Amino acid sequence: MTHPGSNRALVIAAVMASMAMIAIEATIVSTAMPQIAAQLGQLNLYSWVFSSFLLAQTATTVIFGKLSDIYGRKPIILLGIAIFLAASVLAGFAWSMPSMIAFRLLQGIGAGAIQPVTMTVVGDLFPGAERGKVQGYLASVWALSAVVGPLLGSVIVHNLPWAWIFWINVPIGLAAALGFVVFLHEEKQSRGVSVDILGAGLFAVSIAALMIALTEAEGATAAHTMFAVAIFAVSLMLFLRQERRSEAPMVSLDLWRQRPIAAANVATFLASMAIMGLTTFLPMYVQTVLNRSAVVAGFALTMLLIGWPAAATLASRLFPRFGLRRIMIFGSVCIPIGAFLLVLLMPGSSPIQAGAGSLVMGFGMGLISICSLVIIQESVGWSERGSATASNIFARNLGSTLGAAVLGAVLSYGLANSGGADAVTPDQLRGLLDGAGTALAAQSSIRLVLQNALHLTFVFMFLIATLIILACLYVPGVIRRAEAVREG
């Protein structure tokens with residue numbers, strides 16, 4: 001357990017530093033990759049630089065959450081930071097695209113340890129009534145990183161060797177590690193629990209295969225996609241069989257079946273799908289259909305980054321008065337309201353309407369993300385909190401990936417089935433987004449096709465958002481802890 005002698009303020013500073021390292025990396029690499037890819041070559045592997053990181057992070061999140069319950073939070077966090085920093089240094093020396101992909105995959109493993117376990121530390125150190133405020137600070141880190149990352153990436157690419165895109169993590173990571181070593185104190189763990197290595201391996205293989213099927217579906221052949229799905233199905237069945245037989249399963253199925261955890265994770269999963277649709281397709285709509293600049297599109301999306309941390313901070317003050325369940329239900333109503341504002345968008349609409357929809361959806365996501373995490377952490381004792389927290393992070397990552405795949409398929413269907421008008425090709429769409437197709441965007445027929453396709457995408461996003469309400473209604477009114485273990 002976490003020792004009461006831990007310096008809570010400085011531990012949270014270390015948590016924020018480690019979170020900033022992961023959050024900035026996601027945006028800074030996106031900015032610099034075109035220049036890096038031009039130097040390394042093999043552009044056909046470009047998307048794998050991002051997919052490998054997400055694949056490894058999602059596949060290992062639950063595993064590291066369980067390990068933190070067995071061996072303690074600090075060792076797993078320090079291991080995650082060490083892996084992430086080693087991978088960052090190696091990525092700076094990448095000599096080819098395959099080597100870059102390998103080092104990015106290693107970075108993802110480190111992130112899979114850092115993110116869920118640092119969130120668990122927050123649950124260990126703070127009671128539920130105070131946790132919302134701290135989570136608001138963490139949400140602000142992600143929001144600030146989304147703004148600072150691209151700017152910092154541009155500065156580095158134009159003034160320094162691109163390796164510094166990765167090496168900038170080293171001082172941040174070392175500072176975070178020092179903070180955990182000095183200020184986070186834990187009681188010695190004496191749990192004689194064996195590690196279910198086979199279960200962990202099967203889980204990682206099944207999730208990796210699923211992520212490959214989802215992220216590479218558009219560019220892969222049908223045979224490759226079906227092969228990935230088959231591997232996922234077989235490894236998942238073997239994994240479930242192993243977990244039922246294991247005395248100490250890596251992923252406790254009983255934990256995932258608990259009503260508060262199941263309902264909160266389903267709500268997080270669906271909310272992440274909807275938010276991924278917003279972040280992916282709203283800028284596209286503003287630029288191509290509303291015919292506005294990338295700056296205006298960025299402003300509309302930035303409203304999400306204002307609503308999310310604002311709601312997370314506000315939630316901490318509302319917990320004692322209204323309770324977690326009521327606040328979570330209110331957040332679940334906000335997301336479909338915001339999505340409906342996007343459904344109502346027309347070619348002549350103001351971008352203010354798009355920004356309003358983004359703001360309301362972000363506000364709802366802020367409430368749901370904080371409430372679901374606190375509900376999950378309060379439903380279990382210390383010995384299961386790492387696994388429970390990791391399950392929520394896993395649901396969020398998987399929801400984002402599935403949301404991108406499903407809503408991307410809806411957009412592709414809309415573009416290909418344009419109701420008699422000429423279909424918009426991927427090259428035309430890419431030209432519009434690159435700013436090379438301004439004249440093309442002025443053609444009413446092209447704008448009409450894009451309007452119809454994106455409108456259909458927003459309708460599907462709205463339908464997904466309405467399901468969040470049902471999931472939140474299933475959350476029980478009273479949260480009972482699974483064991484009478486209290487934080488130290």
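The exercises below work through the helices, cores, salt bridges and selected residues of a predicted model.

Residues are numbered from 1 along each chain as its sequence is written, and side-chain values use heavy atoms, with hydrogens and water left out. In this predicted model, local features need pLDDT of at least 70 and side-chain atom pairs count only at pLDDT 80 or more, while totals for chains, interfaces and linings use all residues.

**Exercise 1. State how many helices and strands the protein has, and describe helix α1 and the residue after it.**

Step 1. Helices (H or I, at least four residues) and strands (E, at least two) are DSSP runs, numbered from the N terminus. The protein has 18 helices and zero strands.

Step 2. Helix α1 covers residues 8–40 and bends by about 50° at Met33. The bend at a residue is the angle between axes fitted to the seven residues ending there and the seven starting there. Pro34, a proline, follows within four residues of the bend.

Step 3. Gly41 comes after α1 and has a positive phi, near 80°.

**Exercise 2. Describe the largest nonpolar core and the surroundings of Met361.**

Step 1. A nonpolar core is a set of buried Ala, Val, Leu, Ile, Met, Phe, Trp, Tyr and Cys residues joined through side-chain atoms within 4.5 Å. The largest has 62 residues, and those with the most contacts inside it are Met328, Ile335, Met361, Met461 and Ile468.

Step 2. Helices that each supply at least two residues of this core include α11 (259–288), α14 (351–378) and α18 (444–473). The most comes from α11, with 15 residues.

Step 3. Neighbours within four places in sequence aside, the contacts of Met361 include Ala274, Leu304, Ile335 and Met461.

Step 4. A second, separate core of 54 residues includes Leu85, Ala208, Phe239 and Ile393.

**Exercise 3. Is Ser358 buried or exposed, and what does Ser358 contact?**

Step 1. Ser358 is placed in helix α14.

Step 2. Ser358 counts as buried because its relative accessibility is 0%.

Step 3. With neighbours within four places in sequence left aside, Ser358 is in contact with Leu278, Leu282, Ala300, Leu301, Met303 and Leu304.

**Exercise 4. Trace the salt bridges that involve Asp124, and the network they belong to.**

Step 1. A salt bridge is a side-chain nitrogen of Lys or Arg within 4 Å of a carboxyl oxygen of Asp or Glu. The structure holds four salt bridges.

Step 2. Arg73 forms a salt bridge with Asp124, with the closest N and O atoms 2.7 Å apart. Arg73 lies in helix α3 (residues 73–92) and Asp124 in helix α4, 51 residues apart.

Step 3. Arg73 is buried because its relative accessible area is 0%, and Asp124 is buried at 2%.

Step 4. Asp124 also meets Arg385 in a salt bridge, at 2.5 Å from N to O. Asp124 lies in helix α4 and Arg385 in helix α15, so the pair ties together parts that are 261 residues apart in sequence. Arg385 is buried, as is Asp124.

Step 5. Salt bridges with shared partners join Asp69, Arg73, Asp124 and Arg385 into one network.

**Exercise 5. Locate Ser387 and list its contacts.**

Step 1. Ser387 is found in helix α15 and is buried, with a relative accessible area of 10%.

Step 2. Ser387 and Ser252 are 135 residues apart in sequence, and their C-alpha atoms are 8.2 Å apart in space.

Step 3. Not counting residues up to four places away in sequence, Ser387 touches Gly65, Lys66, Asp69 and Leu255. Among these, Asp69 is also part of the salt-bridge network with Arg73, Asp124 and Arg385.

How values were computed:
Buried means under 20% relative accessible area, exposed over 50%, partly exposed in between (1.4 Å probe, protein chains only). Contact means heavy atoms within 4.5 Å.
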